[in-house]
Amino acid sequence: MQAPGRIRRVRAMEWLRTRDPELAATRRAVRTALVLPTLFALCGQVLGSAVMATYAAFGSFSMLLLVEFTGPMVQRLRAHLGLAVAWALLICLGTLVARVVWLAILAMVVVGFVILFCGVVSSVLAGATNALLLAFVLPVSSPAPLSQLPERLAGAGLAAVAALLAVSLLWPRATADPLCAPASRVCRAVAAQLRTDASRLAGGPGASSASLCRVAADEAATASDGLRRAFDTTLYRPTGLSTGSRALVRLVDELTWLCTIVADSAAPPGGTPPCDHAAHAVRRAAAAALEQSALLLDSPCAGPEALRTSLAELRSAMVDMECSAGTRLPVHQLSPPSPSSVHAFLGSLDLSFRAQELGFATLQIAGNVDLAAAAERRGWPDRLLGREPGALGGPFAAARDRGAAHLRPHSVWLHNSLRGALGLGAAVAVADLTVLPHSFWVLLGTMSVLRSNALSTGQRALRAVGGTIAGSLIGAGLMQPFGHHGAFLWFLLPVAALAAGIAPAVISFAAGQAAFTVTLVILFNVGHDPNWHIAVVRVQDIAIGCAVSVMVGLLFWPRGAAAAIDTALAEAYQDSARYLAGAVEYAVGHRDPGPAPGDTPRDKGRQAAASARRLDDTFRTYLAEHGHKRLPLADMTTLVTGVVGLRLAADAMLGIWRGGGLPPPEADRADARLALLCAAGRVSDWYRDLASALTRRTPVPPPLPRNPVAEAGLAESLCRDLVDDRGKATAPATPVRLIWTSDHIDVARRLQPSLAAAARGGSRSGQAGAGTSSAA
């Protein structure tokens, strides 16, 4: 029987892990609680410099609690070293301009905007935003003679050295992304299912049994559920999403999509399964590619040669399958055409289409795995400036292009950067005009509140002031009985620092503000006569800062990402719907001999990709914002994932028609082309109506039902094209591709039920990213 104390500790750890799943906040808080008091005592008590103690304390607080870089340890240490250099430069600049009021205000606006806006370039810069702002706020709000500059730099330098040692030695964070291991398990489980299903579908003495196929399918479903749970419990903020992390996040939806495809195309449980050796070869090639993807996920620094070889073999198997699919069409059953012959004709292509669909999904997944691994192998300049692997331009060109993409009026990142810079500048002006002796705390209160959108700024300001009042009361209460006992305050300091690091993540923002205020009260009283008036003055300073942030938030772009997410979703669906229609137009454009209109959908595809990137940035900002959310997170995630599925359907169609080996058609196929264009038009129009419902709050359109009459007309048209005037079979490659195109249009249609439910706010958390699981 376990002791009560052990049971309580276990329950406390379980509670902590539910609030802080990766213990990321706890890790940062523990480091800060150890380093901050040590440096404060060293500089203040041993070296006797209050200025060094202040900058060492806030420097360690900033570099250990406000930032956590990802990637290999060498890359993290380089990032911390770069942060230390930036701190030194900002301290020098802030000290120089602080003595002239108008220059300090102007510098705060310019430097604040540059720091905030540069976060769009890369995750490294985004993760360091608050730490860099604090490095400039601290000196610019505390005018001092230049003779203090060496002490300020020395204190910040000690904090930087301590941060480097703490990050590498004190509870270092795991190098691998938390999604790598579960994604690798899904790849292996799906590969095993594909091999098992291929063996059963191929038949023969050593074929897999139906029970073995069920076991493999259950293992793949379990692995997929585990990946989704890992994603739901992983805290991905805008500051933590690097290029590799974004690729892995996309991998979650793509693997879910692949699992759905494999489940739909699994071997039948009873009877004699149909046989298509070329389709089985594609399954086995896809399984090999997924196994190589799993190996690369486990060891991202390994070379991608084996994966790329497997992908080449998969593409070759898909080309062979396309050639053999036409020869398997039951042309002899088409005279005279009848409903039964039409259904037999369509059924004969089912295995090949499913194999083509899962082969294309595997290519997309392996491409993202290759991208994530290549991102981990990038050099430091590429990481810092956000250059993606394989980009043609250099790091500075990548940073310029990404920044330029957000220099537009509707960019949420631009709005937040301007709002934050103007708010900090206004706080400096208010502090100087009112002759406040503690203007730093005015700026700190402004900075803490401006991190949210203006609609929730008022609520966040109330929580900030409330937490500060609570912390001040607690701090003042501690000063009365224990203020004269310096040893006791030194003991309380690491405890308060630990609480200040953990409370915002596991309790609330207000609790974190209270713990931070208690830490400050102890810092300003340890080793001195107790002064509870500091707590009252601190409430006044932070209240003024919060008032400034509320005013700026209401004046400048009062609606943040919570509203912009709907606009970004609408634009992404509109552009993706145009891309889908363009891909179908490209497909039917192969009706005449000669060069195909190869560039027709290229611009639409680029526009859809650009809209998806803007949606990605807006969605990450939306996740980081506090305040009321119009839709549950699961529903919003489903809508964002739907954009991915729509674009992938268009990509798959282009992949079919851009393949080589297509002979000039002999028939006009006007009926088939018209049927495909009509089907694509109906699906594209539905997504445009969905976009309108998201922005204009019009009713969400009902999902489109299947259209058996149109499908029969398409099949009969293609059946006629397979037989010439003399009754002989014609080249079947184009009909095969046209039918596959129709199937991909239907995939986009089958996404609609889950998207309509999510847009109405009626989906369930398990539907997030369900892909094609909703069949109408």
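Student: Which residues do ring pairs link into a cluster?

Tutor: This is a predicted model, in which local features need pLDDT of at least 70, side-chain atom pairs count only at pLDDT 80 or more, and totals for chains, interfaces and linings use all residues. Residues are numbered from 1 along each chain as its sequence is written, and side-chain values use heavy atoms, without hydrogens and water. Rings of Phe, Tyr and Trp (its six-membered ring) pair if their centres lie within 6.5 Å; planes under 30 degrees apart count as stacked, over 60 as edge-to-face and the rest as tilted. The cluster linked by ring pairs is Tyr573, Trp686 and Tyr687.

Student: How many aromatic pairs are in the whole structure?

Tutor: The search covers the whole structure. The number of aromatic pairs it finds is three.

Student: Why is the pair of Phe113 and Phe117 stacked?

Tutor: The ring centres of Phe113 and Phe117 are 5.5 Å apart. The pair is stacked because the planes are at 10°.

Student: Is Phe117 buried or exposed?

Tutor: Buried means under 20% relative accessible area, exposed over 50%, and partly exposed in between (1.4 Å probe, protein chains only). Phe113, at 23%, is partly exposed. Phe117 has 11% relative accessibility, so this residue counts as buried.

Student: What is the angle between the planes of Tyr573 and Tyr687?

Tutor: Tyr573 and Tyr687 form an aromatic pair, 5.8 Å centre to centre. The pair is stacked, and the angle between the planes is 15°.
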